[in-house]
Amino acid sequence: MWRFGGLLTALSMGMKKRFYYAVKAGRKPGVYATWDECKEQVDKFPNASFKKFGTEDDAWSFVRNVESSSQATSTECSDQIKSTIKNLEDCNGGKRSLSSDDETCPKRFKSAQSFIDLEQKFTYMGDAVAVYTDGCCSGNGRNRARAGIGVYWGPGHSLNLSERLPGRQTNQRAEIVAACRAIEQAKEYNIEKLVIFTDSMFTINGITKWIKSWKCNGWRLSTGESVIHKEDFERLDKLTSDINIEWMHVPGHAGFPGNEAADSLAKDGASKPPC
């Protein structure tokens, strides 16, 4: 699992100009101060996406898939990655090579192979199966809140899941439980490597970074308060202990077909009767 790189501090006036290395897809997506740090995150990583920038803002814009005035070539790469994901979800079978004619895009991305499993119709990114998860909650925080979870494996896939969230109805719980259900399904099919696309940074940070300190502090926050989602993260932590998970953040409602499909499944689940 990966963790996200910390925010880089501003450079002092008069110092030698430094570059910022943005990793959009890698072991630990984020912005790094040196090439060596960046290389650790992208070397031999399937579909790695990274680029060097002169300003921190542009670097973070690349990571977050947001266009800036000095980021034309980066945006072209982002569009190609988005198009590639869409093509993978729309293809009907056989192998499809991930390729790009833009020389500014990472070479490792250009040479990676992804394809659809003809028998199970799983989408592979390298040797890992890709899945999208999402959660939603109407009336979040209110007495009559209705939450649902969605797991999307591909067009018409038999494992696509739309369920009402059991127990406490909140958006954050729905996001965590959706990831749990995807992993449970993956294990039923003996999938050993899984790429989970989610728009929930809370889920990603919780399972890849915060959970270590939560455990050390007896599941208490730095303020002394109890972790509200303890049971859900304990479940997710147990599920991820014996399977290789790569977490990939995608912006919600930004045109990613897989994310939109998972969101639709989650909304359908929220309309179902309570479990």
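Among contacts in the protein chain (heavy atoms within 4.5 Å) between residues at least 6 apart in sequence, 63% link residues at least 24 apart. The model is a predicted one, where local features need pLDDT of at least 70, side-chain atom pairs count only at pLDDT 80 or more, and totals for chains, interfaces and linings use all residues. Residues are numbered from 1 along each chain as its sequence is written, and side-chain values use heavy atoms, with hydrogens and water left out.

Overall, the protein chain has eight helices and 11 strands, taken as DSSP runs numbered from the N terminus (helices H or I, at least four residues; strands E, at least two). Of its 275 residues, 50% count as buried, that is, under 20% relative accessible area with a 1.4 Å probe, protein chains only. The accessible surface comes to about 14000 Å², with 49% of that belonging to carbon and sulfur atoms; areas are from the Shrake-Rupley method with a 1.4 Å probe.

Now for one of the sheets. Three strands make up an open, antiparallel sheet in the order β2-β1-β3, where pairing takes at least two DSSP bridges between two strands. From one strand to the next the twist averages 25°, with axes fitted to C-alpha atoms (for helices, over the stretch in contact) and angles running from 0 to 180 degrees between N-to-C directions. Strand β1 (residues 20-25) pairs with β3 over five bridges, in the antiparallel sense, and tyrosine 20 stands opposite phenylalanine 53 in β3.

Helix α1 (residues 35-42) packs on this sheet, touching β1, β2 and β3, its direction at about 10° to that of β1. Helix α2 (residues 56-63) also packs on the sheet and touches β1, β2 and β3, again with about 10° between its direction and that of β1.
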